[in-house]
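Here is a short report for a first look. Please keep the sequence and the 3D view at hand.

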Amino acid sequence: MPINKVLTAVGHRVVNTVWRIGFASRFFWEILRQSGPSFRRFGLINKEVFSSGVMSLVIILVAGMFVGMVLGLQGFETLKRYGSESALGSLVALSLVRELGPVLAGLLFASRAGSAMTAEIGLMKTTEQLAAMEMMAVSPLARVVAPRFWAGVISMPLLSALFSAMGVFGGYVVGVMMIGVDEGSFWSQMQSSVDFQHDILNGIIKSFVFGIAVTTIALFEGYDAPPTAEGVSGATTRTVVQSSLAILFLDFILTALMFRGF
Amino acid sequence: MQFPKGKVIAIMGGSGCGKTTLLRLIGGALKPTKGEVRIGGKVIHEMDQDALYEMRRKLGVLFQFGALFTDMSVFDNVAFQMREHTNLPEEIIHDLVMMKLHAVGLRGTHYLMPAELSGGMARRVALARTIALDPMLILYDEPFAGLDPISLTVVGQLIRKLNDALGATSVVVTHDVQESLKIVDYIYFVADGVIVAEGTPDEIRASDKPFVHQFIHGEMDGPVPFHYPSESYMQDLGVLG
C-alpha cells in the first residue's frame, strides 16, 4: 500500500477517535447538566435501578459465590504451605473488597446491564422513539439517558458490595464448612485485617468510578449507534469491549493511587 | 410553500426527493443551508433550544411507523406529553387520554402494549398521541405506508376530521395519491429539490404535466426514469468494445 494511503488511513482513524472522545465528553457533560429532572422525579431512576441493578442480582450473587469458593480453595492450599491456614478469612475478604468485588462485578455489570442499555437506546433511536421525544419538546438526554446513568452509578457499588459479601460467604462455605478451618479464626482474622477506610471505602470508590465509566460508555454507544440492526449490534459489542478495558485500566490507576500512593 | 391555517396540505414526490427532509426542516430537526422555514412568523432555524422546544409544544408529528414508546402502554404513550408538559391531575389526564383514544376508535386498547397492536392500530394510537396537546400544526410522515385498505381509509379520514375539529394545519408527506386526493385541500409535487407542480385535488387530476400524470397513474417510466443512471447496458454486458 502506498505510504500516502497508509498515512490517510491512520490520520482518518486518529481524527475519528479524537472526534468520538470529544463527542463522548460533551455527551457526559450534557447528562450531568440535564440530570435535574431525574432527581425531581426519582421514580424514573428507581425504575432503571430495577432493570439494571435488581435484574443483575442473580448473576452477581452466583458469580460472587463461586469466586469466593475458588478463593477459599486456592487460598487454603497456598496458606497451608506456610502454616497460615487461619489467615484464610483475611485473604478471601481483602481480595474481594479491594479488587475482585469491584472489578468482577463491574465486568459482569458491563456484560449484563451495559449491553442491555446500549441495545435499548440504540433500538429506541432506530425506531425513531428518541426523535419522537425530541419533537414532543422532551429532551431524550433528560428523560431517557440521565435516569439510566444515575441508576448505573447507584447500582454498581451496591452490586459490588453484594458480590463481595457473597464471595466471603463462599469462602466460608469452602474454608470452614468443607475443609475445616477454624471458624473463630476465620472471622476474627478477617475482622482484624480488613480496615473500613483503607479497604472497604476504597473498594466502594472503585466500584463507583466503574459505574460511571460503564454507564457512560454504554449510553454513549447506544446514542451514537447507526440506526440499523448491524449498527446496534456493533455498538453493543463495543460497549462490552470498551467497558471491560476501561474497568481494568481504571482499576490499575486507582489501585496505584489508593494502595501505593503515587 | 405556504400552509394556511385550517388546511390539509400534501407533499408528494418520488422516493429520495427530500419530502421527509422537508418535514425535519419544519420541525427544526435540521437547519437549512438556504432559505428559511417560518411558523407563526418566526424563523425556525434562528430559534435557540428553549424557543424551539416552546414551538414544538404546539407541534404534532406522526412518524412513519408510529414511533410509539415500546416500554409504555397505549395509555401511557398518549398521556406522555400531558405528564411532561402540564401539571394536570391524573384524573383529568385519564379523561383526556380516553377522549383522544375514543377519537381514533381505540379506547378499548388503553391497557395494551405497542407490541400487541397491529400496524394500523399502532398508527392510530400514534395519531392520538400526536394530538394529545391539541397542536396547531400537525406533520405526518408517510401516514399510509404499509396499511391495509380499511386502515388506510380510517387513517385518512381521521387526519381530515381531526384537523377540522382542532382547527389545526396538517402537512402530509405521502406517496398515496388516491387517498390523499380524497382528504387534502392542496398538493405540492416535489422533485430534485424543487416544486414541479401544485394545485387543488381537482387541478391535479386535470393536470397534463408529465410528472403529475406519471405519478397519478403510477406509470413505470417517464420524467422519473425506471432505470437508475448508469453506463450503456451493452457496454456493461461487454457487447460493445
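## Chain B: sheet and contact

B:Ile9 stands opposite B:Tyr186 in strand S7 of chain B. This is a predicted model. In S7(B), B:Met12 also has a bridge partner, B:Phe189. Strand S1 (residues 8–12) of chain B and strand S7 (residues 186–191) of chain B run parallel, and four bridges join them.

S7(B) also pairs with S8(B). Five bridges link these two strands, which run antiparallel. Here B:Val190 stands opposite B:Ile195 in S8(B). S7(B) and S8(B) form a hairpin with two residues between the strands. In that hairpin B:Asp192 takes a positive phi near 50°.

The two pairings compare as follows.

| Strands | Direction | Bridges |
|---|---|---|
| S1(B) and S7(B) | parallel | four bridges |
| S7(B) and S8(B) | antiparallel | five bridges |

Both pairings belong to an open sheet of six strands in chain B. Its order is S4-S5-S6-S1-S7-S8, and its pairing is mixed. S4 and strand S8 (194–199) of chain B are the edge strands, each pairing on one side only. From one strand to the next, the twist averages 20°. In a regular strand, side chains alternate between the two faces of the sheet.

Now the contact between the chains. How many residues does each chain give to the contact? Chain B gives 13 residues and chain A gives 10 residues. On the side of chain B that touches chain A, helix H2 (49–56), strand S4 (59–62) and helix H3 (74–85) of chain B each supply at least two residues. H3(B) has the largest share of that side, three residues. By class, that side of chain B has seven nonpolar, three polar and three charged residues.

Key
Residues are numbered from 1 along each chain as its sequence is written. Chains are lettered from A and ligands numbered from 1 in the order in which they are written. This is a predicted model: local features need pLDDT of at least 70, side-chain atom pairs count only at pLDDT 80 or more; totals for chains, interfaces and linings use all residues. Two residues are in contact if their C-beta atoms, placed from the backbone, lie within 7 Å. Ala, Val, Leu, Ile, Met, Phe, Trp, Tyr, Cys and Pro count as nonpolar, Asp, Glu, Lys and Arg as charged, and the others, Gly among them, as polar. Two strands pair if DSSP finds at least two bridges between them. Axes are lines fitted to C-alpha atoms, for helices over the stretch in contact, and angles run from 0 to 180 degrees between N-to-C directions.
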